[in-house]
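Thank you all for coming; I would like to walk you through one chain this morning. Please have a look at it first, and then I will go through it piece by piece.

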Amino acid sequence: MKTRSIANLLAAAVLSVSFGVTHAQSSDAAPAATEKTEKKQERAANHTLAKHVRSALYKTKGLVSSGITVLAKDGVVSLTGTVPEQGQIDLAGKAAQSVSGVTSVTNNVELAIKN
């Protein structure tokens, strides 16, 4: 009888420890999964914003946007590349700034050198 009680106590202790470990593992995995999902959503939002800026550049009259590269991160947009005329540099910056979700624009567009 005494042996059976000790065996039951040991079994209960093992179950308690294994449940605690399993519980700790599942709660540790949740923040990692949430962080991964958040990063994925952030990348998607950045991609969408860059796409909207490229669209605005394309639709801007008097702007040749084919030489402009657009990068976006957390509302900050960077423009790089070249345009054929000086006036198009400011035009590109203004078009990018007009897009909803853009908080600031770094305009590194340069005048293309003619050969």
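Predicted model: local features only at pLDDT ≥ 70, side-chain atom pairs only at ≥ 80, totals over all residues.

The chain exposes about 8,500 Å², of which carbon and sulfur atoms supply 59%. If we take the contacts between residues at least 6 apart in sequence, 60% of them join residues at least 24 apart.

As for secondary structure, there are two helices and three strands, and along the sequence they follow the pattern α-β-β-α-β.

Let me turn to the sheet, which is open, has its three strands in the order 1-2-3, and shows mixed pairing. Strand 1 and strand 3, residues 104-111, stand at the edges with a single partner strand each, so that one side of each is left without a neighbour in the sheet. Neighbouring strands here are turned against each other by 10° on average, if direction is ignored. Strand 2, residues 76-83, pairs with strand 3 in the parallel sense over eight bridges, and Gly81 has Val109 in strand 3 as its bridge partner. Helix 2, residues 87-97, packs on this sheet and touches strand 1, strand 2 and strand 3, while its direction makes about 155° with that of strand 3.

Finally, a residue in a loop: is Ser65 buried or exposed? Ser65 lies between helix 1, residues 2-59, and strand 1, residues 68-73, and because its relative accessibility is 16%, under the 20% cut-off, Ser65 counts as buried. Leaving aside neighbours within four places in sequence, Ser65 is in contact with Leu57 and Tyr58.

Notes. Residues numbered from 1 in each chain as written. Heavy atoms only, no water. Helix = DSSP H or I, 4+ residues; strand = E, 2+ residues; numbered from the N terminus. Contact = heavy atoms within 4.5 Å. Areas by Shrake-Rupley, 256 points an atom, 1.4 Å probe, with all protein chains shown as cover. Buried < 20%, exposed > 50% of the residue type's maximum accessible area, 1.4 Å probe, protein only. Pairing = 2+ DSSP bridges. Axes fitted to C-alpha atoms, helices over the stretch in contact; angles between N-to-C directions.
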